[in-house]
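Please keep the sequence and the model at hand while reading.

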Amino acid sequence: MPYRKTRRGLISSGVAAGVGGLAGCLEGVPGSETGEVESEVDTRPTDRTIRLGVMHPLSGDLGSVGEPIKDGALLPVEQIRDEIDPEIEYEVVDTETSSSTGVQGASRLVDAGYPMVNGASASDVTLQVAQQVLIPHRTVCCSPASTTPTISTVNDAGLLFRTALSDSLQAIVLAERAATERNARNAATLYVNNDYGWQLSRAFARAFRGNHDGTVTEQVSFDEGEDAYHDELESVAAADPDLVVVIGYPETSARLFDGLIDHDPGISILATDGLRDGSLHEMTENTINHIRGTAPLVAGPGEDVFAELYEERYGVDPGVFTAHAYDATAVMLLANAFAGENDGAAIGNAMRIVTEGPGEVVGPETLAEGIDLAARGEQVEYRGASSPLGFDENGDVTDATFEYWRFDDTAGSGVTEVDRVST
């Protein structure tokens with residue numbers, strides 16, 4: 001097929017503000033009362049440009065995992081850009097793990113005419129970006145890493161999707177491992193003071209109590225970026241839990257790990273998906289090889305092909321949420337091609353069409369062919385790398401498999417898989 005050059009760009013983190021008046025305003029979005037957005041697709045020209053925005057934390061508390069997630073989001077473009085008729089134009093925004101910076105970056109993407117966005121990563125950032133900017137401007141948002149249950153309840157006009165699994169499912173796995181594999185009868189949580197941390201802490205407490213008759217002695221929040229966490233650690237220690245669940249991001253939680261281990265070298269700790277980062281070995285003073293955790297598992301039919309593509313392109317193994325980022329981009333590219341226009345409402349309508357079938361089955365290995373078929377108006381069914389990938393009425397994926405992992409400083413990635421758990 002003819003070569004189409006892909007323009008690539010990077011938006012700096014310093015972008016114009018001026019979106020405050022948009023917060024929560026959905027009145028101007030057709031279909032916002034019902035969650036359905038109407039859009040007609042009459043023609044699907046192949047000689048056009050598909051436009052994609054990408055926004056992830058390349059700096060800040062999630063910078064260490066945000067860079068690989070961004071790479072996963074861009075991999076489909078790098079993979080197929082020489083093989084398809086539509087050109088692909090994209091731009092990248094660094095959210096800095098900050099809601100305010102994310103909102104500014106989303107405004108810049110919207111002003112530049114991008115109808116769909118891969119991101120954000122942190123749940124709080126995704127919620128603010130979607131509600132303040134993307135939904136009011138009829139822009140599709142597909143997050144590969146935001147897991148808070150709150151996202152399922154947003155009045156999104158059919159524009160908000162995610163390839164990551166909801167924390168309501170992760171909490172069930174955490175509670176089961178705490179009660180059975182860790183033999184805990186009482187537990188405490190240390191959670192980052194945002195929607196992601198609070199919702200996952202609450203969901204764990206419900207599952208631990210309701211499913212295992214466990215007792216949650218304390219749920220203690222902490223703010224990111226503090227120099228020390230003496231009061232928070234003392235509150236947890238005073239409750240004398242059998243186990244502590246730490247919910248947060250790498251840079252801050254490294255200090256919490258050290259504080260917990262300094263108090264009790266044998267303490268049992270469970271971590272969550274945001275902490276599945278092998279570089280934490282270099283951030284802590286103590287060994288953390290005994291700490292285990294949960295994270296959504298890459299278990300889609302296209303898993304092996306994706307892993308090969310990722311390793312060939314970037315020279316490292318895929319990390320947490322990288323396959324989910326790949327799938328988010330792949331689905332939006334297919335939906336955009338099928339819609340035949342850079343219109344968020346039309347793309348949002350097509351997101352389920354290109355994943356539910358019936359149609360030609362498409363995966364990472366055949367993505368270019370799938371986009372070509374979709375651009376000609378033929379139906380396709382994308383089967384992903386992270387999961388088989390089907391969206392429910394809330395834009396959530398429905399297949400749930402989790403990895404039970406542990407830190408391992410002898411492993412190349414710093415993390416070793418212990419088990420796989422389905423809910």
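The text below takes up ring pairs, then a cluster, and then charges over rings.

The model is a predicted one, and it holds 10 aromatic pairs. One of these joins tyrosine 191 and tryptophan 198, whose ring centres are 5.7 Å apart and whose planes meet at 35°, so the pair is classed as tilted. The two partners can also be described by their accessibility: tyrosine 191 is buried, because its relative accessible area is 8% and the cut-off for buried is under 20%, whereas tryptophan 198, at 37%, is partly exposed.

Phenylalanine 306 and tyrosine 310 make up another tilted pair, with 5.7 Å from centre to centre and 50° between the planes. Both residues belong to helix 9, which covers residues 303-314, and they are four residues apart, about one turn of the helix. Phenylalanine 306 is buried at 1% relative accessible area, and tyrosine 310 is likewise counted as buried, with a value of 2%.

Which residues form one aromatic cluster with Phe306? The cluster consists of Phe306 together with Tyr310, Tyr314 and Tyr326.

Charged side chains also lie over the faces of rings, and the table lists two such cases, each with the distance to the ring centre.

| Charged residue | Ring below it | Distance to ring centre |
|---|---|---|
| Arginine 51 | Tyrosine 114 | 4.1 Å |
| Arginine 177 | Tyrosine 404 | 4.9 Å |

Definitions and conventions: Residues numbered from 1 in each chain as written. Predicted model: local features only at pLDDT ≥ 70, side-chain atom pairs only at ≥ 80, totals over all residues. Heavy atoms only, no water. Phe/Tyr/Trp six-rings, centres within 6.5 Å; stacked < 30°, edge-to-face > 60°. Buried < 20%, exposed > 50% of the residue type's maximum accessible area, 1.4 Å probe, protein only. Helix = DSSP H or I, 4+ residues; strand = E, 2+ residues; numbered from the N terminus. Lys NZ or Arg CZ within 6 Å of the ring centre and 35° of its normal.
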